[in-house]
Amino acid sequence: MKVSELWLQEWIRPALSRDKVCERMTMAGLEIESVTPVAVPLAKVIVGKVTHVKKLPDTDRLSLCEVDVGRGAPLSIVCGADNVKPGVRVPTATEGAVLPNNITIKKSQIRGVFSEGMLCSAYDLGMAEKSEGLIIFPDDAPLGAEVWDYLQLNDTVIDVSITPNRGDCLSVMGLANEISALTQTKVTAPDIQAVKATLSDTLPVVLQAPQKCSHYVGRIIKNVKADAMTPIWMQERLRRSGQRSISPVVDVMNYVMLELGQPMHAFDLATISNGIHVRTANESEKLALLDGQTVELTLDTLVIADNQKPLAIAGVMGGLDSSVTLLTKDIFLESAYFQSQTIAHTSRSYHLNSESSYRFERGVDSTLQVKAIERATELLLKIVGGEPGPVIDVTEKNYLPTIKPIHLREARVKVILGMKIAASEIENIFTRLGFHFEKTTDGWNVTATPARSDISLEVDLIEEIIRVYGADRVPTVNSAYAMKIHPLSAKKLPLATLRHTLSNLGYQEIVTYTFVDKKTQLLLNPSHDPKPLLNPITADMDVMRTNLWPGLVKTLIYNLNRQQNRIRLFESGLRFVPQGTTLLQERVLSGLISGPAFPPQWGIASRQSDFFDLKGDLQVLLNLTFAKEEFTFKSGVHPALHPGQTAEIFRNEKSVGFIGGLHPTVLQMLSLPQPVFVFEVALELIEDAHQPKAIEVSKFPEIRRDIAIFVDRSVPVEAISGTIKRSAGEWLQEVNVFDVYQGKGVPENQKSIALSLTLQHASRTLVDDEVVKLVERVIVALKDDFAAELRK
Amino acid sequence: MDNLDHLLKSATKEITNAEDLKSLDYYRVHYLGKKGVLTESLKSLGQLPPEERPAMGQKVNVIKTQIQTLIEEREALLQQNQIATQLAKESIDVTLSGRMQSMGSIHPVTQTRERIENLFRQMGFVTKDGPEVEDEHHNFEALNIPDTHPARAMQDTFYFEDKTLLRTHTSPVQIRYMKNTKPPIRMIAMGRVYRRDFDLTHTPMFHQVEGLMVEEGVSFADLRSTLTQFLHAFFEAELPIRFRSSYFPFTEPSAEVDMGCVACSQKGCRICKNTGWLEVLGCGMVHPNVFKFVDIDSEKYTGWAFGAGLDRLTMLRYGMTDLRALFENDVRFLGQF
């Protein structure tokens, strides 16, 4: 909420400096966003009256004006503004004036014509971001007066950030009350008197939805001059609060709202047919709104209607047809109390936000309506004249918000705050806030002011106490808590361990958006239809990822475009896989490699990364579970992966993820110039770990035997190792493949595999004969299972 | 006798000229071996007249010792030379880089997460997480933000067709945890959160940390103490800290926590918008309505909660100025951490 300091000073003048007051407010929950001077100091810019305007020949828009500045001879000034015309009073920068953009005004020649000054727009005077023509003063603006004084430009705009619970502070009066409580200064409110009716005209008002509107105040004012001019001081106050001046009637409505916090509305009386009904909308009613759009009203929408038709959406926006125009003669003023939830709901469902709905949503004081209409009447009579009717005040008492006393226990204050605040101090705070209180045996019964609709619980009062007392004055005390040690299980592999291992293996962790481009997602995981967002922020972030590959691939492309061609990445996070009507949100770990296997260096020959580089690193991760025998990699099928370079990873019989090279078609679609290898595993399924059990290392010698065999190319090595393990028995410690070869010297469609068998007995030295027999057994088994031939 | 002198002379010459250990070994055998020259000389003593034998014998032994010493000296020298040659041959340029795989990196936000987790673990806090696609109940209602609450409009939310949404804060984790765990409770939750906002200082996805403590007798004074300690430990600096009253629907009383600017020591700079203060945390005492939703007796138990932006903490800690760099994942940027 932006407020002029001068306006605020009309209501309260604390003895503290502006900075101190701002600091008090900030610390008490009304954060000061900014304090901005209204204008930079100006001198020699005075009120002048344009008496003659003559177009300059051979120019588009320049005119030579004669300007009466109330003293001496009239000035000749060349002006380019569209709205310059004889009779207007405008800010006139005279010789020697320095404007905010550092222009010094001198007598000069423009297009061969003598110019003795400059007529100014709000922009020229540093009061606006852009120029919208000359500032036009009212006809009573005193000629020759300094504009700095006339416009009271020696003012600051204070922008206060108001939290949603403090609707009461969305007005000058509310802020004044708050400053009063914080600085213990009296509020000096302008005297608001009831305006005597000079007419007896009224309208019947019926509250048909009393739970949504329980208090409605109205008044007729006839014979107004709706085309009068809003006084400059009011225009300026509105402007400093961020509101444009529209027309005098509308300006007064806005002014009263800014001053007292009561949103108001004015109708053209001629458009109202015989009375006001505050009701919910009927079937298929439509309303053309002030912002130009026509809406179809839903049945739960609260409207202000006459006997025939809706006139306005209550508390949110007026209708176009019933609005006050410059031709309006008679007006009907509305000052009502609308229930906050109703307005919040309406504003949200129509996506309509107005200054009015903003305040009603946050709660308006239900006792303020008459005061506001009197204030508005007083101002209107001064500006547009007219004859007021009596105040129409319709109340549904049973539905008015009740202000009940709240019981506050003194002991509870200490429990919540952790410090004792003296009872006298607490009572002083309530007095400052204008809250009534009565002592009880254990504390107080406190009644908040009607403006503070946010206060309904004991803890609300405690918040008030600490807010005014100062949250920063509470000591920092550590109570003696009973500490307990939480279990730390070795049975779960922490994600942090996996992350750090990957980092040590050369992978960089990335964090990408979980909403991705649908096309890319379907390319990288065609088997799942990703969950679409209703309101994505951009079209290429429209669905939730079903795997992490889109983010990894996008990051790869981003970096390739920046000449980084050796990439190793990983990411962990949720993937969102729709399963019927439910959504599986699974924690996964994914990685990607592409480009050279090693950073360029002198000691290692350069080569491109391949499937086995990635697989090896993944194996290291899986081995951290101390359950490596539970994991198998089987040739698998994934639509985004190369059919000959895809493995599905299993833990026991359960699939835990995939690893493979991206399918050449996918690479092509993504314009990727080099092979890319990716993996993804479900963390839930891999993180179960075993605590290692110590087995004594045999002290007897290890024996190594190498065998080389020819087998069909399609036989997986994993199967060969399996057969070896089964047939070799318990002496076998390890099988290691140390060479795989196909080509020259190997029969067609076969491959040569060289394996080493490490043998050892737990309690004795193996003898040669036993070893020979074991190896023979293995060779026979390999022959049986795979028709393997021993390579001689 | 002359023969022996001559022998010594030529032996000395030969041994001192021996180029390598192999030729030296040859001379050792030649002079001192079982069939060597000197052994032969001793054998031939018998042919001498008996009175000459002792003197001759002594002389042979002296020469033998002399030759032995010569050989040993030469051997030591040659061995030394040989090692020197080997060393010279094997010397490398130690300034060349070692053979290596590259070192990866942990994302800076993750490092912040790990750091915070470690700090709070010391105080007995456990880390919890929850779903990111949430329902309105856990994200709003149970946190005392009913449908018509103005705060609901403040957080521009991503929705799905089935009325689920992307969580706008980590606070739903609080609700889920309190529903299943009875006090005493000490937990933190960290992770991705989402709001429809995309400009210089906002990304539609960002990270939060949430802390919650519920026990008998927990107060605002404890909250102050814990958060002050946390900020001091996190930034490794005793920066000034202030608690400003504020408003959150799920806590009361609520406060925002400002910390003296890390960049300018409160002199005022661009990072702190010339205020000297940085807003780093929001916090407060758990609202009784929130306790009601999770069936915790707010008369018996009190609790505090706090929330902070992990991205902001990360940026302040590492002196970053562009939030978006955290999500661009330029490997050269990430490689710094």
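Me: What should I know before I start?

Reply: This is a predicted model, where local features need pLDDT of at least 70, side-chain atom pairs count only at pLDDT 80 or more, and totals for chains, interfaces and linings use all residues. Residues are numbered from 1 along each chain as its sequence is written, chains are lettered from A and ligands numbered from 1 in the order in which they are written, and side-chain values use heavy atoms, with hydrogens and water left out.

Me: How many residues of strand β34 of chain A are buried?

Reply: Buried means under 20% relative accessible area (1.4 Å probe, protein chains only), and strands are DSSP runs of E, at least two residues, numbered from the N terminus. Here 7 of the 7 residues of β34(A), 676–682, are buried, so the strand is largely enclosed by the rest of the structure. One side carries A:Val676, A:Val678, A:Glu680 and A:Ala682, and the other A:Phe677, A:Phe679 and A:Val681.

Me: Which strands pair with β34(A)?

Reply: Two strands pair if DSSP finds at least two bridges between them. Strand β30 of chain A (582–594) is antiparallel to β34(A) over 7 bridges, with A:Ser594 opposite A:Val676. Strand β33 of chain A (654–662) is also antiparallel to β34(A), over 5 bridges, and A:Gly661 partners A:Phe677.

Me: What is the strand order of the open sheet in chain B?

Reply: Its 7 strands run β1-β4-β5-β9-β8-β7-β6, with mixed pairing. At the edges, β1 (126–128) and β6 (241–248) of chain B each have a single partner strand, so one side of each lacks a neighbour in the sheet. Within this sheet, 10 bridges join the antiparallel strands β4(B) and β5(B), including the one between B:Tyr194 and B:Met205.

Terms used. Buried means under 20% relative accessible area, exposed over 50%, partly exposed in between (1.4 Å probe, protein chains only). Helices (H or I, at least four residues) and strands (E, at least two) are DSSP runs, numbered from the N terminus.
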